[in-house]
Amino acid sequence: MGAAEAATGWRNPLRDKRDKRMPRIAGPCSVVIFGVTGDLARKKLMPAIYDLANRGLLPPTFALVGFARRDWADEDFSQVVRDAVKQHARTPFRQEVWDRLSEGIRFVQGTFDDEKAFEQLAETLNKLDAERGTGGNHAFYLSIPPKAFPQVLEQLSSTGLAKKAEGYWSRVVIEKPFGQDLKSAEELNAIVNNVFPESSVFRIDHYLGKETVQNILALRFANELFEPVWNSHYVDSVQITMAEDIGLGGRGGYYDGVGAARDVIQNHLLQLLALTAMEEPVSFSPDELQAEKIKVLSASTLAEPLDQTTSRGQYTAGWQGGERVVGLLEEEGFSQTSTTETFAAITVDVDTRRWAGVPFYLRTGKRLGRRVTEIALIFKRAPHLPFDATMTEELGQNALVIRVQPDEGITLRFGSKVPGNQMEVRDVSMDFSYGSAFAEESPEAYERLILDVLLGEPSLFPVNEEVELSWKILDPALDYWGSHGKPDPYESGGWGPDSAFEMLRRTGREWRRP
């Protein structure tokens, strides 16, 4: 308290407001992971929980419970967690942090149809509440195939773990895919909401936890520089790309029958579209952010005709990173007659006042030229160029590119005069990199999202309506592809099938080469 405050008894109200820059620490709670033997739990979830503890963002009494069929004691599971942490955690291993975390690690053996196992789970959580003070607050992470959701949810309901008394919370975390189409998504949402209210459901889209994705909001709404040109008056098209350079070796069981569109476009890319195209929210509260995203998705439809505005492909053998790689149909787990696409591209029209007439091109694929995720706003050409054609033959269109991964940052491409006696204009780039601009290391996406679950902060999690609207946009393409032969082949190491390039060339445009 300052001198004036001490003398008069008046308190500066700014002192009573929590500094928004300070990290929020989770309260007393426990996390139950179903599917602890899977890759996601081992490579992402367990390390993220340790990293949160290492950063001081979990309470000292935090508890972690694993549920699986393995015949493990608590000590066995603790060793599994320790091994995963040492191999995959981003922060240094500190024995004192591990000792504190390991005190709250428990394991329950059972199958999803074993009522006694779920009764034991309830008993274990009750003991943790009493012995460690976890406060009766429990988050259930379903790191399991979607077909197992109904059974686990029914067990959580019948044991009373899904319902909490006033002052306590019980939350469920669901990994994608959120259904296979609109109908299955609606059925899944109904099953989930029959057990947990929508306010207690957290659908994980790890892309929304990435720092650069969230910076879209800061870039647009904290800077007067960009928002005035963020519309159809200046933007010619928007390209959203998620490219991977890896194939599907060993993942045939999961991926066959799912494909690139369901795996990436329905969730990741349509969420990036919504953040890029949304109007300014009244505030950054969860309800306001979700409302603006829903408006954009409600106004979005696939451009037609679908034979010209969509493309799908399947990678064949080729060269990747100096190594000869096989095609999809030679990968383990895939049938020679598989029609699963490993590349998908669609054109989306956003019928709002801001974006009418601007095509949004979304593409994703495996075995492409490099691993990259980016959002590129391609601007219209200047209406008048007082230059000879030879002066600007190397000048392209201005572009603002938001790099989501792996080299997080923003690039602005514009024309500049080449040094010399003659007038020659060529593209140059102004580059901003998170790694070099900030000393702080960005938290890993799962760290942020798990902490938000424990805090009850739903801003970064899509709600029912967003999921169903995304399927409503994508379903016509899936139906069309399902009745029109096989995906087009493309060579590994390239940038997709010829049909994807024709998709843009019909309108005089080209895909960016990241």
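Helices (H or I, at least four residues) and strands (E, at least two) are DSSP runs, numbered from the N terminus. The model is predicted: local features need pLDDT of at least 70, side-chain atom pairs count only at pLDDT 80 or more, and totals for chains, interfaces and linings use all residues. Residues are numbered from 1 along each chain as its sequence is written, and side-chain values use heavy atoms, with hydrogens and water left out.

Arg69 is exposed, at a relative accessible area of 68%. Exposed means over 50% relative accessible area, buried under 20%, and partly exposed in between (1.4 Å probe, protein chains only). Neighbours within four places in sequence aside, Arg69 is in contact with Gln109, Gly110 and Thr111. Contact means heavy atoms within 4.5 Å.

Lys176 lies in the loop between strand E5 (170–175) and helix H8 (182–195). Lys176 counts as buried, with 19% relative accessibility. Its contacts, again leaving aside neighbours within four places in sequence, are Ile204, Tyr254, Asp263, Asn267 and His268.

An unreviewed UniProt entry lists Arg69 and Lys176 under "binding site". The two residues span 108 residues in sequence, and the farthest two C-alpha atoms are 22.6 Å apart, so they do not all gather at one spot. UniProt positions follow the numbering used here, feature names are shortened, and annotations may be inferred rather than shown by experiment.

The protein is divided into domain 1 (30–175) and domain 2 (208–443 + 463–506). These bounds come from an automatic or database domain assignment. The C-alpha centres of domain 1 and domain 2 lie 36 Å apart.
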